Amino acid sequence: MQIRRICLLAALLIGGAVGFQPARAQSIETIGGGFTYPNGVALDKNGNIYVADGGNTAVKMMPPGCTVAACVTLIGGGFESLGGGVAVDSLGNVVVADFSASAIRAIPPGCVVATCVTTIGGGFHQPGGLAVDGHGAVYVADYGNGAVKMIPPGCLVAACVISLGGGFNQPASVAVDSSGTVYVTDINIGLVKAIPPGCVAAACVTTIGGGFVTPLGVVVDGQGNVLVSDDTVDMVKIVPPGCVSVGCVTLLGSGFFQPHNLAVDGAGNVYLADLGNNAVKVILPRPPTIFAAVLPGSRSVELGNPATIFATIINTGQADLAGCQVALPDTVATGALSMSYQTTDPATNALTGTPNTPVTIAGNNGVQSFVLSFQSSAALTASAVPLYFGCVGGNILTGAAIVPGIDTVDLTMSSTPVADIIALSATPTQNGIIEIPVAGAAAFAVASANIGVTDTITVSADTGAATLPVTTTICQSNSGTGQCLAPPTQAVTLSFAGGTTPTFSIFLQSTGSIAFAPATSRVFVRFEDATKGLHGSTSVAIETK
């Protein structure tokens, strides 16, 4: 297996960078300093950043450009504990959720002591996230009461507080867009909900996006995208306008540790209270500069044996990037699965360097290849295991977008000997993209090798989480001529002997147009046993011409 095949695939990512915009890569900068468990962040119209510093029970302010603790100052005071809610109105008043006191506090401009802090609204129980609209109304995720409430301008007591929507379990945070729609993270049931203007009952509340584990922070950007921090999986995700299912939710950034509340500025910079890392970070809307790919995309091994794959990182920026490494996300690494990495010579696949040692990758399309070795202490099957490919340039952390089928891996760690199928796809264009006419047909080939034991395997094709206007059929083919051994069907089942190398042809028929978006528009070929256990996979990007 030649690592240069991976380099070709990674080169495809560079050539199709515009197609990866929905799954944006990370350019992340740490700002300020001196925080302990920060759980909330907000911005004012002048670009000042306000932080609910939960571990220090303090609200802090950073001016624009502040990247160290020395320029961070305290405002207000006298809080019992902070629930992560902090927001700023157009007049510069900072509102804060005082969690243990079950109160919403207001810090007027210039207030740096407890005596000038006031209380607004009332009737809350353990309030969490906050938001403020253009009219000065304050929206509250009233966590302890399982409610979302609104404090009208000038309201100082519970009697004038208005409940919105209904049917919430444990609302953690809120955001409001320019139309007055309120978005809510209902953390205990893993949902993000929308309350349209005027809705005061559960019947008019809807659910958006999907696939969240513990959605916590939420904010709306200038394009109407709803950005959500998914605490357990340490990611920030994007729910575009009109998205009501998991299939259209994409990744904005990862590599955080217990990400909490969010804020966004007019330039699209996303500010994040990264609680577990005791940091405030900015996800910068810069074009991605590093891309990653792995090969093969799936391994199945018996426990006690390592599952190894190759990986490549390409640095398309001008500057050299230091600290380049590969890692499992924190939430994956804390389980049975572990991973090590080591650099290789891309021409020979020979190991170089020292295990688990970050390296520098030169700019201007500099390339570094790696071998990744996975071990597990228990049997498991995991699809699309995310991998973190990241480097450091100055004060900015840059990471490759996590794209299923490109830089993720499917793993099976079995307690018994198992089939282990290495699969590679080949398209007519030899660039990993299958081009198909609208309402037309196309085909690509898959070569495979079982380096494990014999098993009955079903080979099939699908489009993953995406719903695309294309149908697929498959046949086992003559490896010399490429001709089908039998008419194409939805799937092929065969006794896949260890040491054999069957080939397959996949036929596609489009029923509509498919835009070039290789992060999401893909055809996957999967090798599964009778129990749907995965033993191998490969994929290609698809577009219509």
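Reader: In which loop is Pro296 found?

Author: This is a predicted model, in which local features need pLDDT of at least 70 and side-chain atom pairs count only at pLDDT 80 or more, while totals for chains, interfaces and linings use all residues. Residues are numbered from 1 along each chain as its sequence is written, and side-chain values use heavy atoms, without hydrogens and water. With strands taken as DSSP runs of E, at least two residues, numbered from the N terminus, Pro296 sits in the loop between β25 (290-295) and β26 (298-302).

Reader: What is the omega of the peptide bond from Leu295 to Pro296?

Author: Most peptide bonds are trans. The bond from Leu295 to Pro296 is cis, its omega being near -5°.

Reader: Is Asn364 buried or exposed?

Author: Asn364, in the loop between β30 (359-361) and β31 (366-376), has a positive phi of about 60° without being a glycine. Buried means under 20% relative accessible area, exposed over 50%, partly exposed in between (1.4 Å probe, protein chains only). At 57%, Asn364 is therefore exposed.

Reader: And Asp234, buried or exposed?

Author: Asp234 also has a positive phi of about 60°, in the loop between β19 (226-230) and β20 (235-239). Because its relative accessibility is 3%, Asp234 counts as buried.

Note on methods
Helices (H or I, at least four residues) and strands (E, at least two) are DSSP runs, numbered from the N terminus.
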